[in-house]
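Q: Please take a close look at the aromatic residues in this model. Walk me through how they pair, and then through what lies around them.

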Amino acid sequence: MKALKVLIISYYWPPAGGPGVQRWLKFVKYLPDFNVEPIVYIPENPNYPLVDESLIAEVSKDVTIIKQPISEPYKLAGLFSKKSSSTISKGIIPEQKTQSFIEKAMLYIRGNFFIPDARKSWVKPSVAYLSNYIEKENISTIITTGPPHSLHLIGLQLKEKLGVKWIADFRDPWTTIGYHKQLKLTEKSKQKHKALEKLVLNTADDIVVTSSVTKTEFEAITNKPIEVITNGYDYESVESKPLDAKFTIAHIGSLLSKRNPIILWQVLSELVQEHEGFSKDFQLNFVGAVSETVLQSIETVGLANHINNAGYVSHKESIVYQKSSQVLLLVEIDSKETKCIIPGKLFEYMVSNRPILALGPQGSDVENIIKETNTGNYFYYTDYKSLKSTILAHYKSYQNKNLEVHAIGLQKYSRKSLTSKLASVLKKPNNLSFYAFTS
């Protein structure tokens, strides 16, 4: 049976680093196993805030990759303030009271002049190029993945112009994402975002989201089919390394200004003061970008000597850190907007065979997944006593050399299992003509 050709429109692709690239890198890896031929469309000259050259080796030589130039405003912004442009493009937005005039101006311009985002200028040339490519290659199905959500506008216009089957994949929500509040949006800009979101959700043939909370949110806007396909884990071949000699609590990935669990730093400070052994053995590992606000909060409670800030490392190196750490830390902002956020690292944490210590809002998807898989403990920002007692219990297990986790039901979160779900969406019959451009 002939494979189904599918055009995937993505901004993030190797050598891009960070979590945004993993989802579709892995889908593309496994789609051929389900008789789907992926064709990937990406920018020719992107301005990736994080780069991981090692991921290039994971791209199959058999995959067709097509590219077109993109105009990147962050490069221009870097002429005025390279540091501010770099941190904002990484999603690290300083606290409002510490923002410089340039940072405030950049956020206002980003929020109100680049709707839905800074890659909006790629929409028009991409539609022009892909219209011809789709017709020439006889492609019937396209996928757009955001953020950046401007890529959904490419799908929207191709759908309207050619009648192809269009699937919109949301790795994060659109108008309810936490950082929207920091972009200094005018009321007019907020309404424009909402109008574009509604148009996309009601024009796409199918919508894919990464969390149940996002599905519920979108169901209030559209009647189109919505499928939850979370991120997941892959079987990574990395060097074997023994567990850390110290009692390490490691956070892998970016730790932004708003994601600053003061309650945890206070708990750890108390444990250091109250237990001489804990003070001697404890180390807080940060692997990835960490905001100055977070580091200052930790130093304020007297934990500066317990920090090991490794900075950004390759994906494979991050897996090594995960597998060798005593405890893995997962932190989300305590707000209703973040209940739908499931960090991609959660699934890699789950197969690292190390206990997860997670903090976040009540009713989140992360809480449900951790409980369902028995991979750790989830705390609210009011759970001071239980957080402290759990960390102390983990430390005692570490001392007895029996700190471990007994996970259950992880297979459904493997990248191959998740790709099987995606393939079912791709092959689902569509009532509209796929081939309007041929008539």
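A: Tyr-11 and Tyr-12 are both buried. This is a predicted model. Their ring centres are 4.9 Å apart and the planes meet at 90°, so the pair counts as edge-to-face. The structure holds 18 aromatic pairs.

Another of them joins Trp-265 and Phe-286. That pair is edge-to-face too, with 6.3 Å from centre to centre and 90° between the planes. It links distant parts of the chain: Trp-265 sits in helix 9 (residues 262–274), Phe-286 in strand 9 (residues 282–287), and 21 residues separate them. Both Trp-265 and Phe-286 are buried.

Stay with helix 9. An α-helix has 3.6 residues a turn, so residues three or four places apart point the same way. The length of helix 9 can be checked. At 1.5 Å a residue, its 13 residues should span 18 Å, and the end C-alpha atoms are 18 Å apart, which agrees.

Aromatic rings also gather in a cluster. Phe-247, Phe-278, Phe-282, Tyr-395 and Tyr-398 form one. A charge meets a ring elsewhere: Lys-241 lies over the face of Tyr-321, 5.8 Å from the ring centre.

Now the nonpolar cores. The largest has 61 residues. Phe-170 is among those with the most contacts inside it, along with Leu-7, Leu-130, Ile-134, Ile-154 and Leu-158. Helix 6 (residues 150–162) gives the largest share of this core, six residues. A second, separate core has 31 residues, including Tyr-395, Leu-255, Leu-329 and Ile-391. Leu-158 shows the packing in the largest core. Beyond its neighbours within four places in sequence, Leu-158 is in contact with Ile-9, Val-127, Leu-130, Ser-131, Ile-134, Ile-142, Gly-163 and Val-164.

Two backbone features belong in the picture. The peptide bond from Pro-14 to Pro-15 is cis, with omega near 20°. Pro-15 is in the loop between strand 1 (4–9) and helix 1 (22–30). The bond from Pro-147 to Pro-148 is also cis, with omega near -5°. Pro-148 is in the loop between strand 4 (141–146) and helix 6.

Last, Lys-401. Its phi is positive, about 60°, although Lys-401 is not a glycine. Lys-401 lies in the loop between helix 15 (384–399) and helix 16 (415–426). At 79% relative accessibility, Lys-401 counts as exposed.

Technical notes
Residues are numbered from 1 along each chain as its sequence is written. This is a predicted model: local features need pLDDT of at least 70, side-chain atom pairs count only at pLDDT 80 or more; totals for chains, interfaces and linings use all residues. Side-chain values use heavy atoms; hydrogens and water are left out. A nonpolar core is a set of buried Ala, Val, Leu, Ile, Met, Phe, Trp, Tyr and Cys residues joined through side-chain atoms within 4.5 Å. Buried means under 20% relative accessible area, exposed over 50%, partly exposed in between (1.4 Å probe, protein chains only). Helices (H or I, at least four residues) and strands (E, at least two) are DSSP runs, numbered from the N terminus. Contact means heavy atoms within 4.5 Å. Rings of Phe, Tyr and Trp (its six-membered ring) pair if their centres lie within 6.5 Å; planes under 30 degrees apart count as stacked, over 60 as edge-to-face and the rest as tilted. A charge sits over a ring if NZ of Lys or CZ of Arg is within 6 Å of the ring centre and within 35 degrees of the ring normal. The expected span of a helix is 1.5 Å times one less than its number of residues.
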